Amino acid sequence: MTGIRVEDQPRDAHGRVAPAPRQRELLDAIGRLTNQQGYPPTIRELVDAMGYTTPNAVAQHLRLLQRKGWVIWEPNKARTLRVVNR
C-alpha cells in the first residue's frame with residue numbers, strides 16, 4: 001500500500017483509479033466466474049478462486065475496487081456483484 005488516498009490518485013477516462021495487480025486478478029476472477037456460472041460469484045467462491053484462506057482479503061479488495069469505481073453491488077442481496085465498464 002502506498003499510503004496515497006484513493007481520492008487523490010489519478011483517474012482514467014471513466015473516472016476510475018487503476019486497480020492494483022491483485023485487484024486486477026480479482027476483477028478477472030469475477031468476470032471468469034460470472035461467465036462460467038451465468039451469475040456473479042459469492043465472496044466465498046472468490047476466496048477459493050484467488051487462493052485465500054479467509055474472506056476478509058477479498059472483502060477488503062472489493063471495498064477498494066468499489067471506491068475506485070470498478071465494481072458495484074446491492075447491499076444485503078446475494079450475487080449482485082458486477083464489474084463496471086470493463
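What follows is a chat about a predicted model of a protein.

Reader: Okay, new to this one. How many helices and strands does the protein have?
Author: This predicted model has 3 helices and 2 strands.

Reader: And in what order do the elements run from the N terminus?
Author: They go α-α-α-β-β. The radius of gyration is 13 Å, close to the 12 Å that the globule rule gives for 86 residues, so the protein is as compact as a globular protein of that length.

Reader: What box do the C-alpha atoms fill, roughly?
Author: Taken along the principal axes, that box is roughly 35 × 25 × 25 Å.

Reader: What share of the residues is buried?
Author: Buried residues make up 31% of the 86.

Reader: What about contacts between residues 24 or more positions apart?
Author: Counting contacts with a separation of 6 or more, 50% of them join residues 24 or more positions apart.

Reader: Let's zoom in. Where is Asn76 found?
Author: Asn76 sits in the loop between strand 1 (71–72) and strand 2 (82–83). Its phi is near 65°, a positive value in a residue other than glycine.

Reader: Which phi does Arg79 have?
Author: Arg79 isn't a glycine, yet its phi is positive, about 55°. Arg79 also lies in the loop between strand 1 and strand 2. Its relative accessibility is 31%, so Arg79 counts as partly exposed.

Reader: And Thr80, where is its place?
Author: Thr80 is in the loop between strand 1 and strand 2 too. At 16% relative accessibility, though, Thr80 counts as buried, because the cut-off for buried is under 20%.

Reader: What is Thr80 in contact with, leaving aside its neighbours within four places in sequence?
Author: Thr80 is in contact with Ile72, Trp73 and Glu74. As for Glu74, its backbone nitrogen lies 2.8 Å from a polar atom of the Thr80 side chain.

How values were computed. Residues numbered from 1 in each chain as written. Predicted model: local features only at pLDDT ≥ 70, side-chain atom pairs only at ≥ 80, totals over all residues. Heavy atoms only, no water. Helix = DSSP H or I, 4+ residues; strand = E, 2+ residues; numbered from the N terminus. Rg over C-alpha atoms; globule rule 2.2 N^0.38 Å. Buried < 20%, exposed > 50% of the residue type's maximum accessible area, 1.4 Å probe, protein only. Contact = heavy atoms within 4.5 Å. Polar contact = N/O pair within 3.5 Å; in protein donor to acceptor, adjacent residues only side chain to side chain.
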